Amino acid sequence: MSTPTGPASGLPVRMPRPRQSGRHRRPEPVAAPEGAPALVLAVPGAPAPATRSLAEEVISIARSELPGLEVAIGYLDGDDTEYPTLERVLAHTAAKRVERYEIAKAAGREVAAPEGPAAVVVPLLAGPDNALMHRIRQAVMDSRASAELTDVLGPHPLLAEALHVRLSEAGLARADRARLFTVATAADGIILATVGGDEAVQAAGITGMLLAARLAVPVMAAALDQEGAIGAIADQLRGSGSVNLALAPYLVGPELPEGLLDAAAKEAGCAAAEPLGPYPAIGKLVLSQYTTALGIAPQPQGSPSL
């Protein structure tokens, strides 16, 4: 069971890799500064064990990249028992920081009073969704905690990489660009599906251009939550010469209403890949939003894979 401060004890936690020796060793990871705000992951959608597992894996990836990071998970539709709400988590995080300060002061230590935000809230969203972001902002305000809210995770080259991986796992794209081997079921047109209206479609289209460059096939974005949008894009792709289409969700997963992806795949008459889920890039981008907000590390660059 999760607690307001993060994953329950006993769950596996990714540990930092041992430092390599030699001239080509990787640089030591940057550690979280002492007294740094907690990273609070804001998780949309209906809470469920699968959602909790995904969020904890994302947090575990972020922890492995930044030793000493204090983390917590808040659910936008939590119940404050098994799934703590974002508002409760932020209030708890702020109170815990004050408590630590008071304990240190009572012990005679010379400590500075807490300054700046107690938490940096990172939405678990690949693209913009005004309705969900409004609810996250409201939860931050209702918590009365000092917290900074970051932007969503995309667009970013790492998300194009993640989409490529999910398509290849479903047998809908080549798994390796360099070797150029063929896949009998590979799609020659991709519908990049998102939710959140026109702004979300535009943002998905930016990542879609990066995905198109990787796959050398046309990629067009469409909204799952706009009636007829998926079918219209499918017709447009087929009209331009694409025969085998594939649906690629530009979504982490929890924000995707149940049944919507299956309905869209039927509307388009094609197979669909899985949502992005806890792909390593998601954890890295969550951490990137946190470190960028604090100015302690550069934004990650797309890695040369696939």
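Glutamate 169 and arginine 166 sit three residues apart in helix 4, which puts about one helical turn between them. Their side chains meet in a salt bridge, with N to O at 2.9 Å; the term covers a side-chain nitrogen of Lys or Arg within 4 Å of a carboxyl oxygen of Asp or Glu. Glutamate 169 is exposed at 54% relative accessibility, whereas arginine 166 is buried at 13% (buried is under 20% relative accessible area, exposed over 50%, partly exposed in between, with a 1.4 Å probe and protein chains only).

This is a predicted model, in which local features need pLDDT of at least 70, side-chain atom pairs count only at pLDDT 80 or more, and totals for chains, interfaces and linings use all residues. Residues are numbered from 1 along each chain as its sequence is written, and side-chain values use heavy atoms, with hydrogens and water left out.

The structure holds four salt bridges. One of them pairs lysine 96 with glutamate 70 at 3.2 Å, N to O. Lysine 96 belongs to helix 2 (residues 86-106) and glutamate 70 to the loop between helix 1 (49-65) and strand 2 (71-75), so this pair ties together parts 26 residues apart in sequence. (Helices, H or I of at least four residues, and strands, E of at least two, are DSSP runs numbered from the N terminus.) Another joins aspartate 77 to arginine 135, with the closest N and O atoms 2.6 Å apart. Here the loop between strand 2 and helix 2 is tied to helix 3 (residues 130-143), the parts being 58 residues apart in sequence. Aspartate 77 is partly exposed at 34%, and arginine 135 is partly exposed at 35%.
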